[in-house]
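Thanks, everyone. I have one structure to walk through today. Please look at the screen.

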Amino acid sequence: METTRAWQVDRPGPIAEQPLRLVTRPRPEPAPGELLIRVLASGVCRTDLHVAEGDLPVHRAGVVPGHEVVGEVAALGGGVTGYATGDRVGVAWLRHTCGECVYCRRGAENLCTRSRYTGWDADGGYADYTVAPADYVYRLPGGYSDAELAPLLCAGIIGYRALRRVELPPGGRLGVYGFGASAHLAAQVALAEGAHVPVVTRPPAAQRPAHDLGATSAGGDRPPEPLDAAILFAPVGVLVPAALAALDRGGTLAVAGIHLTDIPSLNYQDHLFQERQLRSVTANTRADGRDFLAFCAAHRLSVTTTPYPLSSADQALADLAAGRVDGAAVLVP
Ligand SMILES: [Zn+2]
Ligand SMILES: [Zn+2]
């Protein structure tokens, strides 16, 4: 039997203590309804870091992280139609919803109480091969390399949902806090739609790319103008009061991450009154994914990636934790 490589989360803990281990294992088999996918590129998301470090509870012992998977269909499980071997597809975070709960029935499958996630509940893309339910994979736009497509599948989709969640008025001012993989994509969508986008990020190395992509301003302090909306991409709760205080009347702040450090106490007058709103973003629906990928087909986004060989996944996560990655880290087998 063909053996293939995969990274497993052995003992969740600080990335410096090497919680991941590279193993060889038999090639996975697609169950009915699933596709076997040969991985061509696998993005490294901050959520993988949360899984590896134990910030998120263990859902599956020894899970293989990775939920920004670009690959080629290698085999079809029973009953799958609409795909052929060789098709290029994307596997993202959401991989199962029940279709029956109150959330699923009202079009909010991202809130499904029985949802399952790639790289948390099931093995993901830090591997030579992965399997995924055909109903949850995406067709991918042309004009992008495999490595460029990978970060679109989580960083891109979540940033897109966050942008929709803040309901930015036409021509409005969108504050972007943090400028990593997700932010640099969401900022481009907002700019393409006519927004003004001040970026708040401390590292000078992140300020230049923000300027290059067309940000209205980029600096480490409060944006120079009041904001109609803001998205917090940095997983730093202490920024929530600052971002709320920077909102204009009626403005909305969305927190894009799955995990946030504690938020300091809020003051009603300074942070919420005048109908300012604070919202979270929880995963995404398949419709969000399709809408975003259609946007990417119509507007060529500039995707900054830093490639790593599959054998260096642990290094990629360590670099992400230390803020040393330019754009999105992507594993290329
Ligand atoms: Zn459901
Ligand atoms: Zn992710």
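This is a predicted model: local features need pLDDT of at least 70, side-chain atom pairs count only at pLDDT 80 or more; totals for chains, interfaces and linings use all residues.

Start with the overall build. The protein chain has nine helices and 17 strands. Along the principal axes, the C-alpha atoms fill a box of roughly 65 × 45 × 35 Å.

Of the 333 residues, 55% count as buried. The chain exposes about 14,100 Å². Carbon and sulfur atoms supply 49% of that area.

Next, contacts. Take the pairs at least 6 apart in sequence. Of those contacts, 69% join residues at least 24 apart.

A word on charge. There are 29 positive and 34 negative charges. Their mean positions lie 3 Å apart.

Let us zoom in on helix H4, residues 181-192. Does its length fit the helix geometry, or depart from it? At 1.5 Å a residue, its 12 residues should span 16 Å. The end C-alpha atoms are 17 Å apart, which agrees.

Is H4 enclosed or open? Count the buried residues, meaning those under 20% relative accessible area. For H4 that is 10 of the 12, so the helix is largely enclosed by the rest of the structure. The buried stretch takes in Ala181, Ser182, Ala183, His184, Leu185, Ala186, Ala187, Gln188, Val189 and Ala190. Note that His184 and Gln188 are on that list.

What covers those buried residues? The cover includes two helices, H3 (146-165) and H8 (286-298). Two strands also take part: S10 (174-177) and S17 (328-332).

After H4 comes glycine 194. Its phi is positive, near 95 degrees.

Last stop: alanine 162. This residue lies in helix H3, which is part of the cover over H4. Is alanine 162 buried or exposed? Its relative accessibility is 0%, so it counts as buried.

Which residues does alanine 162 touch, leaving out those up to four places away in sequence? They are Ile231, Ala254, Ala256 and Val281. Serine 280 also deserves a look. It sits 118 residues from alanine 162 along the chain, yet their C-alpha atoms are separated by 8.2 Å.

That is the tour. I will take questions now.

Technical notes
Residues are numbered from 1 along each chain as its sequence is written. Chains are lettered from A and ligands numbered from 1 in the order in which they are written. Side-chain values use heavy atoms; hydrogens and water are left out. Helices (H or I, at least four residues) and strands (E, at least two) are DSSP runs, numbered from the N terminus. The expected span of a helix is 1.5 Å times one less than its number of residues. Buried means under 20% relative accessible area, exposed over 50%, partly exposed in between (1.4 Å probe, protein chains only). Contact means heavy atoms within 4.5 Å. Accessible areas come from the Shrake-Rupley method with a 1.4 Å probe; for residues, only the protein chains shown count as cover. Lys and Arg count as positive and Asp and Glu as negative; His and the chain ends are not counted. The place of a charge is taken as NZ of Lys, CZ of Arg, CG of Asp or CD of Glu.
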